[in-house]
Amino acid sequence: MQQRVYTGGTLIVLAAVFLALVVLSGLLLRGVRLDLTQNRLYTLSEGTQRIVQRLEEPVNLYFFFSESAARDLPTIRTYATRVRELLEEIAARSGGKVRLEVIDPLPFSEAEDRATGFGLQAVPVGAAGDTLFFGLAGTNATDGQMVIPFFQPDKEAFLEYDIAKLIHALSSDRRPAVGLLSSLNMGPGFDPATGRVSEGWVIDGELRQMFDLRRLGRDVDRIADDIDALVLVHPKNLPEDTLYAIDQFVLRGGRLLVFVDPHSELDPGESGPEADPMFATRSSDLPRLFQAWGVQYDPDKAVLDARNALQVQPSADRPPVRHLGFLGLGRPNLNQQDVVSGDLDSINLAIAGHFNLADDAQVRLEPLIQSSPASMAVDVARLRFLPDPGALFDGFEPSGVSYVLAARLSGTLKTAFPERSGEGHLAESREPANIILVGDADMLADRLWVQVQNFFGQRIFNPFANNGDFVINAVDNLVGSSDLIAVRTRPTSSRPFTVVEELRRRADDRFRAKERELQAELAETERRLVELQGDRADGAQLLSPEQQAEIQRFRQEQLRIRQELRQVRRQLDADIQSLGARLKFLNIVGMPLLVTLFALGFAWWKARRRREALAR
């Protein structure tokens with residue numbers, strides 16, 4: 001009886017201790033989170049944490065999601081949970097500077113009017129005409145406002161970057177300043193060829209609309225400190241003082257976007273009474289800077305790509321031909337893990353150069369755009385006088401190398417002018433540099449990516465490639481803080497059933513093999529029937545006994561192969577069901593059994609220790 005009392009009292013004490021520990025842990029460990037997911041999905045990157053911790057004024061985030069409209073969309077609902085949890089984590093890490101409000105905009109409600117007023121997109125879903133809001137709006141203390149109109153599940157890799165970018169933009173009340181130094185006439189002005197005022201290139205107008213664009217002359221000897229990013233377009237024969245200004249700008253932490261070109265078709269060439277346009281050099285390079293940075297670039301080499309060659313029309317009276325130097329690059333050639341190129345579908349280039357790292361380089365070169373392995377590098381002289389682009393196929397031998405046509409350069413840089421000194425001179429970069437290099441300047445021209453039409457005095461743009469998006473993404477990424485650039489992409493929450501996918505792939509391989517066997521049998525039977533018909537001297541159209549037997553044999557083989565095809569499909573289903581059964585057994589029986597065995601083993605060990613203690 002006394003033992004039972006002790007046992008009951010012990011249980012009460014243990015329960016009281018457990019409750020005390022729970023309350024104590026809730027007080028002491030408040031805000032502590034443990035992320036055990038494989039890809040650390042719920043752990044913010046260091047860049048995002050620094051952005052929210054450095055906020056000086058509060059930022060309000062309004063997450064709009066239509067719960068009822070998404071009731072039959074499990075993929076959207078799952079992703080919405082992912083977005084909400086990420087927003088909650090950001091708010092929790094901000095120290096109260098990020099204020100999150102989750103809103104369900106029901107139809108005909110004030111919340112719906114509020115979402116529409118922010119400019120969020122309402123997507124129609126279902127047959128009942130429901131509309132789905134799934135976006136984010138942000139405001140700051142100075143009436144600044146930014147939105148993510150709709151969260152697309154296929155852009156989950158950029159989710160944290162997009163949210164961090166929105167918060168970072170709301171923390172500043174000025175437009176980013178972008179310096180532009182170009183050897184090509186990109187902006188508005190008088191066009192002597194047509195005798196009219198030119199609107200300028202479309203990309204130039206886009207940059208003017210989104211940023212505080214400042215044009216710099218070739219003889220600039222210092223880049224202003226308030227310029228957030230510098231864009232060099234076809235930097236041709238720049239003076240040494242200008243190169244030194246660029247060098248020091250980068251070492252001070254300035255961001256740089258460079259478009260060099262082995263042969264720019266838009267370059268008018270050298271001017272002057274003795275200049276010959278036919279033999280003018282139309283290449284651009286930054287040899288001194290590239291050498292100091294550890295970048296290898298040869299302005300006399302261009303990349304040919306047989307797999308991505310575009311069709312061009314040499315003249316009005318000749319049919320289109322494939323031009324190995326004009327490249328139409330798709331998603332397989334674009335870095336899907338970088339925010340600059342990850343969401344793009346196509347980029348068009350014209351006679352592009354390529355980049356490499358020197359053997360002793362201390363920096364990192366991350367490709368953004370690459371050619372296919374069916375490429376080779378040739379002397380650019382082959383493309384200067386080319387009446388027939390088809391001639392480029394003569395002697396073309398793929399090297400098997402995917403050439404880097406655009407890249408992100410990062411790391412600590414040393415000055416290209418070690419002999420200079422003076423007040424403010426830097427011999428090494430203050431922080432890791434962030435530079436984007438592109439081996440083609442002509443990709444900015446309208447003819448390679450956008451069609452411009454005049455509609456009642458308004459210019460209408462119809463892009464057919466993502467060249468403009470690439471440039472805007474690059475500049476937008478560079479003008480952000482180093483913390484924002486460090487966020488970049490991260491793995492998605494999608495966890496595919498790799499074992500099941502492998503089973504399905506193997507079954508498809510067997511299925512296609514059986515299909516090929518069936519097609520081969522059919523072709524052989526048709527050939528045999530034609531031979532038998534040709535062997536008949538009377539030319540009769542009725543089937544001979546041999547032909548009837550051949551047809552009967554084929555039908556039997558056809559039935560056999562079809563049965564095997566069905567068996568392949570049934571075996572796939574059986575393999576998947578077997579895998580599912582094993583997983584269910586492990587989850588329902590295996591794990592509880594393992595826990596039970598562990599508990600029994602632990603109890604046996606404790607009992608043994610107790611007996612040994614009593615024996616002593």
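**Figure 1. The whole chain.** Of the 616 residues of the chain, 40% count as buried. Buried means under 20% relative accessible area, exposed means over 50%, and partly exposed lies in between (1.4 Å probe, protein chains only). This is a predicted model: local features need pLDDT of at least 70, side-chain atom pairs count only at pLDDT 80 or more, and totals for chains, interfaces and linings use all residues. Residues are numbered from 1 along each chain as its sequence is written, and side-chain values use heavy atoms, with hydrogens and water left out. The chain has 13 helices and 23 strands. Both are DSSP runs numbered from the N terminus: helices are H or I with at least four residues, strands are E with at least two. Take the contacts between residues at least 6 apart in sequence: 71% of them join residues at least 24 apart. A contact means heavy atoms within 4.5 Å. The accessible surface of the chain is about 34700 Å², and 54% of this area belongs to carbon and sulfur atoms. The areas come from the Shrake-Rupley method with a 1.4 Å probe; for residues, only the protein chains shown count as cover.

**Figure 2. Helix H3 and its cover.** Helix H3 runs over residues 74-93, 20 residues in total. At 1.5 Å a residue it should span 28 Å, and its end C-alpha atoms are 29 Å apart, which agrees. The expected span is 1.5 Å times one less than the number of residues. Among the buried residues of H3 are Ile76, Tyr79, Val83, Leu86 and Ile90. Arg82 and Glu89 are also on the buried list. What covers these buried residues? The cover includes helix H2 (46-53), strand S1 (59-65), strand S2 (98-103), strand S4 (130-139) and helix H5 (159-170). After H3 comes Gly95, with a positive phi near 65°.

**Figure 3. The loop between S1 and H3.** Ser68 sits in this loop. Ser68 is partly exposed, at 34% relative accessibility. Ser68 and Pro105 are 37 residues apart along the chain, and their C-alpha atoms are separated by 9.5 Å.

Figure 4. Side chains of opposite charge can pair when their charged atoms come close. The structure holds 26 salt bridges. A salt bridge is a side-chain nitrogen of Lys or Arg within 4 Å of a carboxyl oxygen of Asp or Glu. Asp130 forms one with Arg71, and the closest N and O atoms are 3.5 Å apart. Asp130 lies in strand S4 and Arg71 in the loop between S1 and H3, so the pair ties together parts that are 59 residues apart in sequence. Asp130 is partly exposed, with a relative accessible area of 25%.

Figure 5. The side chains of Asp204 and Arg208 meet in a salt bridge, 2.8 Å from N to O. Both residues lie in helix H6 (residues 202-210). They are 4 residues apart, about one turn of the helix. Arg208 is partly exposed, at 34%.

Figure 6. Glu240 forms a salt bridge with Arg288; the closest N and O atoms are 3.4 Å apart. The pair links distant parts of the chain: Glu240 is in helix H7 (residues 240-251), Arg288 in helix H8 (residues 287-293), 48 residues apart. Glu240 is partly exposed, at 42% relative accessible area. Arg288 is partly exposed too, at 30%. Which residues are linked in the network of salt bridges? They are Glu240, Asp241, Arg288, Glu419 and Arg420.
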